[in-house]
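Visitor: I have some questions on side-chain contacts. Can you put the model up?
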Amino acid sequence: MTTPSAPKTPSTPAPAPQTGGHPPAAAYRNLIVATIGFALTFWAWNLIAPLAGVFGSDLKLSSFAQSFLVAVPVLVGSLGRIPVGALTDRYGARLLFPLISALTIVPVLLVIPARHNFGAMIAVAFLLGLGGTTFAIGIPLVNSWFPPAHRGLALGIFGMGMGGVALSGYFTPRMAKHGENLPFLVVAIALAVYAVIAAVLITDHPDRTIPTTSLGTRLGAAGKLRVTWELSALYAIGFGGIVAFGVYLPTYLKTWYELSPTDAGTKAAGFALVTVVFRPVGGWLSDRVHPATVTACALALVAVFAILQAFDPTLNPMGTICFLLMAAGLGTASGSVFALVSQVTPQPQVGSVTGIVGAMGGLGGFVPPLVMGAIYSAKGSYSIGFMLLSDLALAGCVYAYGRMRSARAE
């Protein structure tokens, strides 16, 4: 394999991006390797949640303490995307992807000695958040390799790596039945193998522009872009909705529809699968229609079926239809928002903006479960919560269609 030419500095402007034609073979190689890495690191990021009941029982944790343990890696991983995205702008995915993958092995293995002490588990959970930051590495990598005509679908395919959370939810507890430490050993080995493969196969685009300013300056510049916060708000609705349902849907199904934990978990996994499948659909549509229009239509779909679910239909078939179509809308919106990022963000700042937008999306998923729980405790019903979801989705729909179709890179 030939070594790519040195990236250009700002003093040597990169050529204008392609607007048509087919991406080179290197683009597909980087997309495949990055997507696999995204899925693996997200599996590691979510190692604690599927075993939360086991840890809670062994450590005699309260419900709040157990929830806090599960939340720590998610919160850290979401916030960690901000500096990691900016570092990707500076040092490139070729360094960051294998490095973050290798470093994630440390907390994965530390779960084994720490699992019998709550304080140690909190510290390890904090470090596990590192695995959730790779999203901010892969987006600028894929964005740089694919021309605009193919970029939406490529970003959507990369986004399917979030299915690593679903893989963890399915395989981690089943592995644990054959040995309490087996999931951590398997994931650690997989990350080690992947880090080596990524170091060999991932390459930054030869025309990548390297920023020369400091990390703080680049984050500050990204924070000053109006589109950063507009995209953050839209992604907090789309991806935040996915996270919120992933966290709270099993509880809702058990409480309101009186399903068994197994049935509730199976239906929640089905919801997650639909969101993963429709993420590249959102990107593919964004290659053909303006991504702001795709986002608006997807959020309109969510708004309509959230209203229907607020009237507490029977689970079969209407409730199931409502949840699956909301999942399709949220997955599509998540894919189209990042197609929009590539259109309205200056290329040298894609990593920094991606970090902020990704962080807001992750954090946006933790407010709705708290609201839903509080509303149910006060009113004995979830209807108000679904109406609030419909209002939020409708507001995002109107803003995406009315404002973001005319947004341009500043």
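Visitor: Phe 245 and Phe 271, buried or exposed?
Guide: Both Phe 245 and Phe 271 are buried, where buried means under 20% relative accessible area, exposed over 50% and partly exposed in between, with a 1.4 Å probe and protein chains only. This is a predicted model: local features need pLDDT of at least 70, side-chain atom pairs count only at pLDDT 80 or more, and totals for chains, interfaces and linings use all residues. Residues are numbered from 1 along each chain as its sequence is written, and side-chain values use heavy atoms, leaving out hydrogens and water.
Visitor: How many aromatic pairs are there in the whole structure?
Guide: The search finds 20. Rings of Phe, Tyr and Trp (its six-membered ring) pair if their centres lie within 6.5 Å; planes under 30 degrees apart count as stacked, over 60 as edge-to-face and the rest as tilted. One of the pairs is Phe 38 with Phe 158, stacked at 4.7 Å centre to centre with 15 degrees between the planes.
Visitor: Where do Phe 38 and Phe 158 lie?
Guide: Phe 38 is in helix 1 (residues 25–45) and Phe 158 in helix 7 (residues 148–159), so the pair ties together parts 120 residues apart in sequence. Helices (H or I, at least four residues) and strands (E, at least two) are DSSP runs, numbered from the N terminus. Both Phe 38 and Phe 158 are buried.
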